[in-house]
Amino acid sequence: MDKIILRGGSSLHGSIEISGAKNAALPCMAACLLTDETLILKNLPAVADIRTMEKVLGTLGTLVSHETSPSLLAISQSLTCNQPSEFKAPYELVKTMRASILVLGPLLTRFGKASVSLPGGCAIGARPIDLHLEVMSKMGASIDIHHGYVEATLPAGKRLKGIDHTFPYVSVGATENSLLAAALADGKTILRNAAQEPEVSDLAYLLVAMGIPIEGIGTSTLRIEGQIRAGGAHYTIIPDRIEVGTFICALAIAGGSLSLTGVIVEHVAALLMALERSGCKYQFDATKKILSLERSPSNRLQPIHISTAPYPDFPTDLQAQCMAVLTQAEGTSTIVENIFENRFQHVMELQRLGASIDIDGRTAHVHGPSRLSGTTVMASDLRASAGLVIAGLVAEGSTTIERIYHLDRGYAHLDHKLRSVGVDIKRIKT
Ligand code: EPZ
């Protein structure tokens, strides 16, 4: 298993190109199951989860070809799904990537059957899929759970039917699966209290490009006119706001001046507002889509309060990275994690680096500034790993981060990008 060793103390200087959004790319890839025409996707990030989704789609009979850009950071894909010989997403793949559940809606709506392994619990919480199944069932599917698999079927010759549905709370994945299912349903579907995350909108815009009329994109009420068939499309995935946020946090803790290219600034507004309160400055060039950030060592970070919530509020996927930054603020910050019940696993590892953090239920009190000193730490999930890398940027001596396969699931060459802006960081292949 590869590990990363980085030496703290350097400030960041230079420019980083932002990759495509993993969490937008995955549902967009699943959309290829809606049509026998070819879907061409561009600007997918070169990360392990994209490869896993290619494997899932491959087991469902999809012809997948892909090309990696000369920079090795981006992938273009061609996906064609004629007639699957199998309608099953197996446990071996689903257990490595929960987003595999997103094949349920499109398989069911196009072919009337789908068998998808239950993903099981994960490092950040229980993460059930009841909201996904409730929608499929309300649309007319029979749902059974057998031997650890969700078996969803429709009576022969029947289509899913359009519904008016209100989600009891916001779920990104359930909104995406429902959008995919509604695309070929009979009649109109209205999804209320839908997730408004940019990744959901990216999927919706792709579906529109495939010939599915959708109103209300970017709002909490989505209206989808189900069609008999969907067509192919050429589509470019949005930039990864969580990657942008991760580099913003890196700059906030390490100082220096950094330009991030290919940014949609509204997508990171909640983080920028929080860090502005903490004393970081930024400028955005809307024409060139370049976000420029600066922090001098004399500019001390102030403590802040953060509470994670669905978009457009503060994202849970930036909580760990921001916590690492706040270990250096002058006073006590509080972080409330409202989305996942077990997303403080990085706290123990940050403590091993010298951070002073207490947990009280869903609230973490981060007492700063702490003098961090490098040691060996272990990543527990994707964003926790990024938080540890960020803490390592200011730790005295060297920090070794193990189990970085988590990092490689969602960040396109994070180590390489940080090295290019002056960080002493290397990957050890073992
Ligand atoms: C997506 O997960 C992202 N993953 C996550 O990013 C992200 O943290 C999360 O949304 C929240 O923004 C992908 O897009 C692939 P949810 P998802 O359904 O869709 C509960 C990363 O690091 N819930 O919005 O699984 C659930 O347990 C990952 O890139 C149910 O109870 O998240 C959670 O508490 C990690 N029943 C809350 O809702 C359901 O049927 C929100 O989860 C579905 C969800």
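Predicted model: local features only at pLDDT ≥ 70, side-chain atom pairs only at ≥ 80, totals over all residues.

Reader: How many disulfides does the count come to?

Author: A disulfide is a covalent bond between the sulfur atoms of two cysteines. Here the count is 0 disulfides. Cys32 is in none, and the nearest cysteine sulfur, that of Cys81, lies 5.8 Å away. The cut-off is 2.5 Å between the sulfur atoms. Cys249 is in no disulfide either; its nearest cysteine sulfur belongs to Cys322, at 4.7 Å.

Reader: Is Cys249 buried or exposed?

Author: Cys249 counts as buried, because its relative accessibility is 0%.

Reader: How many aromatic pairs does the structure hold?

Author: A pair of aromatic rings is described by the distance of the centres and the angle of the planes. This structure holds 1 aromatic pair. Phe87 and Phe111 form it, with 5.4 Å from centre to centre and 65 degrees between the planes, an edge-to-face arrangement.

Reader: Where in the chain are Phe87 and Phe111?

Author: Phe87 is in the loop between β5 (74–81) and β6 (88–89), while Phe111 is in helix α4 (residues 104–111). The two are 24 residues apart, and the pair links distant parts of the chain. Both Phe87 and Phe111 are buried.

Reader: Next, the helices. At what angle do α1 and α2 pack?

Author: For two helices, look at the angle and the distance of their axes. Helix α1 (residues 22–30) packs with helix α2 (residues 48–59) at an angle of about 10 degrees, and the axes are 10 Å apart. Angles under 35 degrees count as roughly parallel, and α1 and α2 are therefore roughly parallel to each other.

Reader: Which residues of α1 and α2 meet?

Author: From α1 come Lys22, Ala25, Leu26, Met29 and Ala30; from α2 come Asp49, Ile50, Met53, Glu54 and Leu57. By class, this contact of α1 with α2 has 7 nonpolar, no polar and 3 charged residues.

Reader: How many of the residues of α1 are buried?

Author: In α1, 8 of its 9 residues are buried, so the helix is mostly covered. Among the buried ones are Lys22, Pro27 and Cys28.

Reader: At what angle do the axes of α6 and α7 cross?

Author: The axes of helix α6 (residues 172–183) and helix α7 (residues 198–209) cross at roughly 5 degrees and come within 10 Å. These helices, α6 and α7, are therefore roughly parallel to each other. Val172, Thr175, Glu176, Leu179 and Leu180 in α6 meet Glu199, Val200, Leu203, Ala204 and Leu207 in α7. The contact of α6 with α7 divides into 7 nonpolar, 1 polar and 2 charged residues.

Technical notes: Residues numbered from 1 in each chain as written. Heavy atoms only, no water. Axes fitted to C-alpha atoms, helices over the stretch in contact; angles between N-to-C directions. Helix = DSSP H or I, 4+ residues; strand = E, 2+ residues; numbered from the N terminus. Parallel < 35°, antiparallel > 145°, perpendicular 65-115°, else oblique. Contact = heavy atoms within 4.5 Å. Nonpolar A, V, L, I, M, F, W, Y, C, P; charged D, E, K, R; others polar. Buried < 20%, exposed > 50% of the residue type's maximum accessible area, 1.4 Å probe, protein only. Phe/Tyr/Trp six-rings, centres within 6.5 Å; stacked < 30°, edge-to-face > 60°.
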